[in-house]
Amino acid sequence: MTPPPDFTPTGRNSSVPTFFMILTNEKQTINYGKTLSQSLQGGDVLCLHGNLGTGKTTLTKGIARGLKIKEEITSPTFTLMQLYKIKNSNTKIKNFIHIDTYRLKDEQELIDIGALDYLGETDTICVIEWPEKIKKLLQNKKVVNIFIEHSPKGRKIKLEK
Ligand SMILES: Nc1ncnc2c1ncn2[C@@H]1O[C@H](COP(=O)(O)OP(=O)(O)OP(=O)(O)O)[C@@H](O)[C@H]1O
Ligand SMILES: [Mg+2]
């Protein structure tokens, strides 16, 4: 995944390049998700880090819209995982998975509902809210870390590859 061009590079001395930008309202978060979706590849696992209400689901909605998913993206807090099929895609990406581990008991619970059939698979893009809880399942996956935090101007979003 390549970072979008409008991101400001930071942390140049780090071995992990990071990029940030300010999103001043919900629409910008959605639009950023749309832009981001264009640089995603099958197998990418987007880990959305951020406190309650920072905009993780909003960003997911933008990504889904960019992937031409017509269904409304709802927060999977109670279902843990939502699968959206990508139809008529010119790419080999067929599935979009949205996982929210906020109420997850343990990693096994996610395994039991079939998450491993999708997580990191080459025909699937996966977005995870609260990824800290399932670190073990993310080993050896193509993880992109995205950090969202409140800022006086709205939200600050940081992308780490
Ligand atoms: N850039 C932004 N500036 C201001 N408000 C925003 C921005 N992006 C999203 N929001 C608003 O933040 C609120 C919370 O958004 P959202 O539900 O996406 O957060 P979340 O991180 O998924 O929350 P949770 O931790 O409960 O899952 C919404 O009211 C949304 O409109
Ligand atoms: Mg959410």
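**Strand 6 and its surroundings**

Strand 3 (residues 44-49) and strand 6 run parallel to each other and pair over four bridges; strands here are DSSP E runs of at least two residues, helices are H or I runs of at least four, both numbered from the N terminus, and two strands pair if DSSP finds at least two bridges between them. This is a predicted model, in which local features need pLDDT of at least 70 and side-chain atom pairs count only at pLDDT 80 or more, while totals for chains, interfaces and linings use all residues. Residues are numbered from 1 along each chain as its sequence is written, with chains lettered from A and ligands numbered from 1 in the order in which they are written.

From strand 5 the chain goes through helix 3 (residues 107-112) to strand 6, a right-handed β-α-β crossover (with the strands pointing away from the viewer, the path from the first strand over the helix to the second runs clockwise).

As for burial, six of the six residues of strand 6 are buried (20 or more other C-beta atoms within 10 Å of the residue's own, placed from the backbone; exposed means 12 or fewer, partly exposed in between). Thr-124, Cys-126 and Ile-128 cover one side, and Ile-125, Val-127 and Glu-129 the other.

Out in the loop between strand 6 (124-129) and strand 7 (142-151) lies Asn-140, a non-glycine residue with a positive phi near 65 degrees. Asn-140 is exposed, with 7 other C-beta atoms within 10 Å.
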